[in-house]
Amino acid sequence: MAFIFSERNKFGTWRRLWLFIGQAEKSLGLPITDEQIKEMEANLDNKDFKMAAEEEKRLRHDVMAHVYTFAHCCPKAAAIIHLGATSCYDGDNTDLIVLRDGLNLLLPQLARVISRLADFAEKYADLPTLGFTHYQPAQLTTVGKRCCLWIQDLCMDLQNLERARDNLRFRGVKGTTGTQASFLQLFEGDHSKVEELDRLVTEKAGFKRSYMVTGQTYSRKVDIDILSVLASLGASVHKICTDIRLLANLKEIEEPFEKDQIGSSAMPYKRNPMRSERCCSLARHLMTLIMDPLQTASVQWFERTLDDSANRRVCLAEAFLTADIILSTLQNISEGLVVYPKVIDRRIRQELPFMATENIIMAMVKAGGNRQDCHEKIRVLSQQAAAVVKQEGGDNDFIARVRADPYFSPIHKQLDSLLDPSSFTGRAPQQVAKFLKEEVRPALIPYKSKMGGKIELTL
């Protein structure tokens with residue numbers, strides 16, 4: 001990702017774009033020779049960055065500095081380099097290539113994360129765990145089902161990234177204000193050749209379509225679309241890693257923690273979830289970057305204004321670089337999640353007795369009891385048990401109280417089955433299996449060859 005957004009890649013892409021337009025103009029009849037084209041091809045990587053920097057300092061114009069630098073090593077082709085083009089032919093088309101390549105790099109990374117989490121969800125599809133709403137104990141779910149909530153968000157992000165990439169078009173050859181006037185003049189008023197030039201260059205750059213209308217630049221709403229998708233990915237990752245951090249506090253699930261890793265310089269016992277915290281920190285930054293293209297698009301005067309340039313060079317690169325490291329870190333987390341079933345079971349046992357009250361009432365009614373009488377008995381016993389937990393710090397002894405009360409003797413033998421955690425998870429295991437089979441695994445098929453091995457973080 002660093003290379004995609006590097007100066008070397010940018011200036012190299014400019015040179016390829018000059019070659020593309022030269023080749024296309026030649027094929028359409030302009031007086032450009034094979035020798036000129038071959039000279040450009042031979043010098044694509046012959047970059048004198050020092051000369052380019054000196055030229056830019058003199059000219060105060062980055063594109064022209066590189067035109068002169070390229071012309072210096074292509075003296076025969078100098079006259080036709082950048083012929084008919086404007087600076088945005090180089091800059092905007094390069095940006096679109098970079099955005100496309102950046103998305104193509106992020107997509108398999110995201111697919112790998114989804115794949116790792118899918119394996120985790122499948123492994124723990126049946127393991128009951130306490131559910132939470134409002135971060136208060138709620139009905140049971142399973143560890144795998146909860147993970148599927150994370151996966152579903154990431155699958156939405158995968159679809160959005162694919163859509164954003166597939167919707168990208170090329171700016172193509174549109175001229176200084178998007179009217180293609182310079183190219184119409186080059187081809188002596190032949191509109192069909194101007195259209196064919198646009199099509200040929202677009203094809204050479206690897207795009208299927210170009211934007212039919214532009215100003216000097218492609219619409220900055222394109223940047224909004226791309227960064228919106230990345231910001232949404234940031235929100236998904238923040239939610240996932242926040243859940244992991246909360247679970248780490250409960251000691252139910254932890255991110256990888258290496259043998260010699262230190263959690264705190266002052267508290268040797270600590271196992272801080274620093275990877276998840278890093279993801280949350282960077283995700284917040286990624287989410288805030290959407291404000292840049294929103295404001296830039298809103299203040300593009302007429303055909304363009306240059307106050308977008310410096311801003312875009314920062315925010316676009318930062319968004320992709322941030323998304324890149326977030327996904328690398330999340331992959332590392334997802335490949336090393338540690339589950340503590342006994343801790344999970346203990347927490348279930350603390351809360352399940354109260355959740356089982358409805359089942360107990362139903363069992364008593366089936367055994368001939370009165371629903372209202374049973375409800376009152378349970379209300380009294382549950383309040384007593386709650387007092388032990390809250391006021392004395394003791395364990396939940398509600399079931400022990402039920403066992404000791406002769407009123408409930410008709411169902412004493414059923415209590416163990418009534419308290420089986422798996423009977424409280426509904427269709428969670430079946431939902432996991434169906435979701436992974438029908439939605440997740442098929443979405444990952446295009447990336448199957450790019451799943452790769454485990455990733456280790458370099459600090």
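Into which domains is the protein divided? There are three stretches to keep in view: domain 1 (1-83), domain 2 (87-339) and domain 3 (342-423), with bounds that come from an automatic or database domain assignment. Between the C-alpha centres of domain 1 and domain 3 lie 79 Å. Please keep in mind that this is a predicted model, where local features need pLDDT of at least 70, side-chain atom pairs count only at pLDDT 80 or more, and totals for chains, interfaces and linings use all residues. Residues are numbered from 1 along each chain as its sequence is written, and side-chain values use heavy atoms, leaving out hydrogens and water.

Let's look at S115 now. This residue sits in helix α5 (residues 87-123); helices here are DSSP runs of H or I with at least four residues, numbered from the N terminus. S115 counts as buried because its relative accessibility is 11%, buried being under 20% relative accessible area with a 1.4 Å probe and protein chains only. Beyond its neighbours within four places in sequence, S115 is in contact with R441, L444 and M451, where contact means heavy atoms within 4.5 Å.

Next comes a helix pair. Helix α11 (residues 291-298) packs against helix α12 (residues 309-334) at an angle of about 150°, and their axes are 10 Å apart. Axes are lines fitted to C-alpha atoms over the stretch in contact, with angles running from 0 to 180 degrees between N-to-C directions. The angle therefore makes α11 roughly antiparallel to α12, a label for angles over 145 degrees. On the α11 side, D292, P293 and T296 make the contact, and on the α12 side N311, R312 and C315.

How values were computed. Helix = DSSP H or I, 4+ residues; strand = E, 2+ residues; numbered from the N terminus. Buried < 20%, exposed > 50% of the residue type's maximum accessible area, 1.4 Å probe, protein only. Parallel < 35°, antiparallel > 145°, perpendicular 65-115°, else oblique.
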